[in-house]
Structure formats: structure tokens, C-alpha cells
Amino acid sequence: MTDNRDSDTLTLVDNSFGRLPDHLLIEIFIRLPVSEWAQISCVKKQWASLFLGECLWQAALMRTFPSASQAKRWPGPIPQGLSKRRFAALYVGKHIFALDNDIDEIVGHTYLFLKEQLELSNMPPPSGILHGTIIADQFITCGKSRDVAHELASQIWLAVLDNLEENQHTFLLLKRLALEGDVFLPFPYSRSIKVQWRVFEKLFTDFRDCFDQADYYDVLAIAKNKFQPIPSAWLGF
């Protein structure tokens, strides 16, 4: 019965949309919820190719974020990218950081960059390099004060840490961040204490079962050296 329904659905799709030109399909798709786009792209090869192309994302960008057409390219190490990347960055800026101003896109781009560096790399650059020369410099180069750059970088770190998948790769990443030696970097190039705290908090709450005994006590010793007092919930292997 299910197979028949699936077949009928595909037939209906072919009959209803099969003859529509690409520009009309794009106008239909960008009016549907973003959460449904991944599923839509799997229906037909033609639709998948639209979601891989620049035209759909350019149309989606202009419809969802009309002011994006007025955005100027910025200096710094993180590029603006094509329409799909810009759409993702603006979506992050609005929905994760609740921003709707002149920095929403650059914050989104920086979030995506940091998350990809941490998730996709087997050996990402040291956190000091990521935080200082890439993230803080990105905002300072764009004219933000040192205090604002440091606060934005901290917010991005916290958001990325909170949105990493709970898997073995993330555990190893967090453990490496916790075990990194302290390197003195002048403000605003050093990670804030709240970012360092979040690393240990996630290790001792979300990933406690991943520790072996030796690793647990190594990380706990570093936590005790950094923070006093530490939460009682972190104690006890």
C-alpha cells in the first residue's frame, strides 16, 4: 500500500511540476520553509541541481534578506562567499544570534568558519590562533573596538560549542581544547574565561562517560587549576 502511495506521489509531482521552467520552480521553492528544502532537493535530480546552483540561492537571499544586496565586502581573513554561503551566514546571524544589523552577516560567516574548522578538521589550528588572529582580527579589521571584537568572538565560540554534535570527534576536540597549554596572548586575542569554562562544563556533563580514569583526572586537575571553586557536579569519576 505504501509503495503505491509513493508511486502516486511521484506521478503527481511529475505531472504537476515536470513541465515548469526552472525559474518558476525556484520562485515556488524559496517560498517554502527552509526546514523543508533538504527534503525537497531529494525528490528529483532536476530539483537537486537547482539547490546546487547559484540562481536559487541568489533568489532566496534577495527574498529573505533584501538588505543583503546593499552589503559591502569587508576586509579580513574570512571571505563573503557566494549566495548560498551568504544565505547560511545571514540565517545563522538571525536565528542563532538574533542579530539584524550591520554585523549579522559577518558574525554568521565567522560562526560557520569556526564550526567547520572544529568539526571537519582532524587537527584544527590551536584555539589561540583561531580566536586571536582569525576571529578577533576579523572584527577589528572591520572597525569594531577591541572590547566589542572580544565579546563577539566569545559569543561565537559559545554558540559553536553548544551546537557541536555529541560524538567521539567532539569529545576528542573538547579534550584537546581543555589540555591545551596556556599561552599568554594580550587582550583581545585570548579566549575569555567563559569560553574556557564551557569547554570543561561540556566535558564533565555531556561527555563524562567518554573518559577513561587517567584522562578524567588529567582534565580535572587542569580545571581545578583554572577555576576555583569548581562545581561539585564535575567531581567523581
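This is a short tour of the structure, one selection at a time.

Before you click, know that you're looking at a predicted model, where local features need pLDDT of at least 70, side-chain atom pairs count only at pLDDT 80 or more, and totals for chains, interfaces and linings use all residues. Residues are numbered from 1 along each chain as its sequence is written, and side-chain values use heavy atoms, with hydrogens and water left out.

**Stop 1: helix α10**

Select residues 168-179, which make up helix α10. Helices here are DSSP runs of H or I with at least four residues, numbered from the N terminus. The expected span is 1.5 Å times one less than the number of residues.

Now look at the start of α10: a side-chain oxygen of Asn167 comes to within 3.3 Å of the backbone nitrogen of His169.

Which residues of α10 are buried? Colour Thr170, Phe171, Leu173, Leu174, Lys175, Leu177 and Ala178 to see them. Buried means under 20% relative accessible area, exposed means over 50%, and partly exposed is in between, using a 1.4 Å probe and protein chains only. The buried residues of α10 pack against α7 (104-120), α8 (127-141), α9 (146-162), α11 (193-205) and α12 (213-226).

**Stop 2: the rings**

Rings of Phe, Tyr and Trp (its six-membered ring) pair if their centres lie within 6.5 Å; planes under 30 degrees apart count as stacked, over 60 as edge-to-face and the rest as tilted. Phe171 sits in helix α10 and Phe211 in the loop between α11 and α12, so this pair links parts of the chain that are 40 residues apart. Phe171 is buried at 2% relative accessibility, and Phe211 is buried at 6%.

How many aromatic pairs does the whole structure have? A search finds 21. For another of them, pick Trp37 and Phe51, a tilted pair with 6.0 Å between centres and 55 degrees between planes. Trp37 is in helix α3 (residues 37-41) and Phe51 in helix α4 (residues 45-52), so the pair ties together parts that are 14 residues apart in sequence.

**Stop 3: Trp157 and the core**

Select Trp157. Of the 46 residues in the largest nonpolar core, Trp157 and Phe204 touch the most other members. A nonpolar core is a set of buried Ala, Val, Leu, Ile, Met, Phe, Trp, Tyr and Cys residues joined through side-chain atoms within 4.5 Å. Helix α9 gives the most to this core, with nine residues.

Not counting residues up to four places away in sequence, Trp157 touches Leu114, Leu118, Ser127, Leu130, His131, Ile135, Leu177, Arg191 and Val195. Show Arg191 too: its charged end sits over the ring of Trp157, 5.9 Å from the centre. To count, NZ of Lys or CZ of Arg must be within 6 Å of the ring centre and within 35 degrees of the ring normal.

There's also a second, separate core of 18 residues, including Leu50, Phe65, Phe87 and Leu90.

**Stop 4: a buried lysine**

Jump to Lys202 in helix α11. Is Lys202 buried or exposed? With a relative accessible area of 9%, Lys202 is buried. Leaving aside neighbours within four places in sequence, Lys202 is in contact (heavy atoms within 4.5 Å) with Leu161, Asp162, Leu174 and Phe207.

**Stop 5**

Most residues other than glycine have a negative phi, and most peptide bonds are trans. Now for some exceptions.

- Phe187 and Pro188 are joined by a cis peptide bond, with omega about 10 degrees; Pro188 lies in the loop between α10 and α11.
- Gln228 and Pro229 are also joined by a cis peptide bond, with omega about -5 degrees; Pro229 is in the segment after α12.
- Ala98 isn't a glycine, yet has a positive phi of about 55 degrees. Find Ala98 in the loop between α6 and α7, where it is exposed, with a relative accessible area of 66%.

Definitions and conventions
Helices (H or I, at least four residues) and strands (E, at least two) are DSSP runs, numbered from the N terminus. A polar contact is a pair of N or O atoms within 3.5 Å; within protein, one must be able to donate a hydrogen and the other to accept it, and residues adjacent in sequence count only if both atoms are side-chain atoms.
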